[in-house]
Amino acid sequence: MKLYEFQGKALFREAGIPVPRGAVVTASDRSGLFAPSAVKAQVLSGGRGKAGGVLLVSTQAEAEKAAGSILSMELKGEPVRALLVEEKMNIRAEYYLAVTFDGEAGTPLFMASASGGMDIESVAEHSPEKILKLPVDPLWGLTDYKLRAMADFLGYENKKEFASFARKVWTLFREKNAVLVEINPLVVTDSGLVALDSKIEIDDDARPRLKDLFEKNLAEQAALTGVEGEADHGTITYVPLEGNVGLISDGAGTGMLTLDLIRDLGGEAADFCEMGGLTSPEVMYSAMDQVFSDKKDIKSLLVVLIGGFNRMDEMAEGITAYLREHKVSIPLVVRLCGTMEEEGKAIMKEAGLPVYDDLRTAVADAVRFAAGGN
Amino acid sequence: MAILVDRDTRVLVQGITGKSGILQTKSLIDYGTAVVAGVTPGKAGTAVEGVPVFNSVADAVREVSPNAAISFVPPLFAKDAAMEAMEAGIKLLVLTMEGIPKHDVLDILSYASGRGVRVLGPGTAGVISPGKCKLGAHPARMFREGKVGVVSKSGALSYEVGKTLTDAGIGQSTVVALGGGPIWGTTQRDIVKLFNEDPETEIIVLLGEIGGGTEIAAAEYIAESVRKPVVSLIVGRAAPEGKSLGHAGAIIRGNKGTAASKMEALEKAGACLATSPAQVVELIRKLG
């Protein structure tokens with residue numbers, strides 16, 4: 001779950017992390033507008049500043065005008081539905097501070113840079129030495145020597161203040177099960193460090209243990225967008241593509257391999273639909289439903305199954321159940337092997353459906369059928 | 001020899017009385033894996049497929065000395081189970097479950113590295129040393145004993161390539177699945193290193209996919225230290241940008257994590273590149 005800046009800042013405030021005084025403004029409620037201020041678009045995507053989604057205003061009239069103009073913007077395809085209006089800060093320096101995790105090293109990672117601001121991506125690309133990356137052992141926590149190393153790297157004199165600030169960020173990261181807490185910029189003002197921006201993403205897998213946090217923030221987002229949070233698709237990943245060969249797989253790796261083979265053999269996949277490696281007849285059924293309802297013009301459907309945890313009898317049950325209830329007039333190419341393969345093949349045979357064993361042959365036939373061959 | 005699991009592997013199944021636990025325990029035993037214990041709190045004294053169930057890992061260790069664990073414990077309880085296994089002295093942990101909260105995974109990995117525990121996963125299909133031991137979901141008939149070591153993020157892709165090799169009469173020393181990310185207890189580089197040091201493995205097959213940089217890290221290690229032939233297949237060449245394809249880690253951002261960049265790094269490191277499982281077989285045959 002990604003949070004809007006104003007939602008992230010509410011968490012900052014709760015955690016004792018200094019943020020500017022501000023108010024949320026929407027098209028229907030502009031009562032919070034004030035000046036002088038910074039008027040900031042509330043969107044979930046990045047790069048807002050560069051796209052003109054933040055305006056500094058001196059008078060109430062300017063604030064009204066800025067609010068009107070930003071509320072009519074679309075940033076990376078996302079309509080702006082709310083603004084955060086904040087007091088202007090007297091900025092002496094702009095830092096970058098973030099905590100996330102390095103999945104390949106399997107460890108949380110603090111990142112700090114004295115070159116904060118809008119261009120941190122280009123700093124990362126062109127002068128990576130300007131960003132300090134400190135792995136933090138989650139069980140030890142954020143140790144004093146790492147806090148000193150970060151403050152030194154940033155050149156921030158008040159080490160005690162920095163340590164207290166960074167510790168609060170770390171605690172928030174841990175307690176709220178965040179996968180990212182990013183402050184860019186973290187500004188140095190006359191009165192010390194202030195989080196001028198907030199980008200927070202919470203781990204969806206932690207939802208069952210953070211019900212209140214999820215409910216509150218998703219409800220706020222739904223109230224703004226008028227759209228309920230994304231429906232739970234279970235284990236299915238569905239990505240629509242441009243071609244005419246429908247594709248369903250029970251593994252991400254074999255799904256990607258099949259995508260490649262379809263192209264290598266002269267076809268194009270209409271979608272990528274992967275069910276996960278531990279699924280059920282119901283998931284198989286919904287995967288077919290998903291592809292057929294979204295892609296009405298596919299010319300063949302290729303189902304690639306190789307069961308480890310997945311049982312082929314259950315997959316065959318899902319497929320045959322779908323076909324009993326729906327009229328499917330395009331060729332269906334099913335490759336099925338692995339756990340409970342005999343049982344699965346027997347179910348398919350009873351339903352009069354052919355089964356392939358070799359992946360390449362199955363892909364070749366699906367591509368040929370899609371091109372109008374027999 | 002093989003890597004990770006062998007004839008002397010004694011397996012503990014955590015969450016043995018759940019649906020997956022029961023089904024997989026049967027499949028491990030059918031393969032010939034020595035499943036010596038199961039743990040489900042409160043179920044001591046019962047048995048699953050003839051395997052004694054204990055209340056705690058410590059009890060199981062005291063009674064029947066398991067040295068590896070496979071976990072089917074539900075995501076929210078997976079961390080507790082993993083910590084328990086590690087504290088009881090288990091040195092190889094296979095975490096099959098997807099959806100374990102990421103901070104829990106980070107805690108598990110921190111604890112593991114301090115104790116010298118090897119963690120496979122989370123979200124892994126596990127590992128098989130054909131003819132010796134299966135500690136995962138690999139369908140038995142797709143694998144046979146031999147000299148080719150296979151490492152893959154995706155479980156299904158490791159079956160696909162295992163099947164193609166086995167159909168072609170090429171056996172495997174060990175086949176390892178690592179999970180789809182975005183956090184890995186063990187990466188391709190770790191496994192390539194183990195295969196490089198394993199006298200029984202003569203050829204290494206590295207299966208990779210779009211997203212992240214673990215294949216690049218493996219390529220660096222191959223360039224520096226590996227003299228055994230390496231054959232590599234990277235999937236997702238036809239993948240669109242900016243979409244996670246089933247694995248959280250399998251996503252292309254700009255020109256980062258593309259199949260092309262990984263294939264280039266591996267080729268530079270001296271690996272032979274295949275674009276399909278059939279071609280993996282052809283390349284291995286050429287290598288003799």
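This is a predicted model: local features need pLDDT of at least 70, side-chain atom pairs count only at pLDDT 80 or more; totals for chains, interfaces and linings use all residues.
Q: Let's start with chain A. At what angle do the axes of helix H7 and helix H11 cross?
A: Roughly 55°. In chain A, H7 covers residues 252-264 and H11 covers residues 359-370, and their axes come within 9 Å.

Q: What does that make H7(A) relative to H11(A)?
A: That angle makes H7(A) oblique to H11(A).

Q: And which hand is the crossing of H7(A) and H11(A), left or right?
A: H7(A) goes past H11(A) in a right-handed crossing.

Q: Which residues in H7(A) and H11(A) meet?
A: From H7(A) you have A:Leu257, A:Thr258, A:Leu261 and A:Ile262. They meet A:Leu359, A:Arg360, A:Val363 and A:Val367 of H11(A). Sorted by class, this contact of H7(A) with H11(A) has 6 nonpolar residues, 1 polar and 1 charged.

Q: OK, next pair. How far apart are the axes of helix H9 and helix H10 in chain A?
A: They're 7 Å apart, and the two helices pack at about 20°. H9 is residues 312-325 and H10 is residues 341-350.

Q: Who makes the contact between H9(A) and H10(A)?
A: On the H9(A) side, A:Met312, A:Asp313, A:Ala316, A:Glu317, A:Ile319 and A:Thr320. On the H10(A) side, A:Glu341, A:Glu343, A:Gly344, A:Ile347 and A:Met348. By class, the contact of H9(A) with H10(A) comes to 5 nonpolar, 2 polar and 4 charged residues.

Q: One more pair: where do H4 and H5 of chain A sit, and at what angle do they cross?
A: H4 is residues 144-154 and H5 is residues 159-175; they cross at roughly 115°, with axes that come within 9 Å. H4(A) passes H5(A) in a right-handed crossing.

Q: Which residues of H4(A) meet which in H5(A)?
A: H4(A) brings A:Asp144, A:Leu147, A:Arg148, A:Met150, A:Ala151, A:Asp152 and A:Leu154. H5(A) answers with A:Lys159, A:Phe162, A:Ala163, A:Ala166 and A:Arg167. The contact of H4(A) with H5(A) splits into 7 nonpolar and 5 charged residues, with no polar ones.

Q: What's the phi of A:Lys76?
A: Positive, about 50°, although A:Lys76 is not a glycine. A:Lys76 lies in the loop between strand S4 (74-75) and strand S5 (78-79) of chain A.

Q: How is chain B divided into domains?
A: Its domain assignment gives domain 1 (11-120) and domain 2 (139-287). In chain B, the C-alpha centres of domain 1 and domain 2 are separated by 27 Å. As for contact, 8 residues of domain 1 touch 11 residues of domain 2.

Q: And what does UniProt place at residues 4-100 of chain B?
A: An unreviewed UniProt entry puts the feature "domain: CoA-binding" there. The span 4-100 of chain B is 32% helix and 26% strand, and its end C-alpha atoms lie 23 Å apart.

Methods:
Residues are numbered from 1 along each chain as its sequence is written. Chains are lettered from A and ligands numbered from 1 in the order in which they are written. Side-chain values use heavy atoms; hydrogens and water are left out. UniProt positions are given in the numbering used here, feature names are shortened, and annotations may be inferred rather than shown by experiment. Helices (H or I, at least four residues) and strands (E, at least two) are DSSP runs, numbered from the N terminus. Axes are lines fitted to C-alpha atoms, for helices over the stretch in contact, and angles run from 0 to 180 degrees between N-to-C directions. Angles under 35 degrees count as roughly parallel, over 145 as roughly antiparallel, 65 to 115 as roughly perpendicular and the rest as oblique. A crossing is left-handed if the near helix is turned anticlockwise from the far one by less than a right angle, and right-handed if clockwise. Contact means heavy atoms within 4.5 Å. Ala, Val, Leu, Ile, Met, Phe, Trp, Tyr, Cys and Pro count as nonpolar, Asp, Glu, Lys and Arg as charged, and the others, Gly among them, as polar. Domain bounds come from an automatic or database domain assignment.
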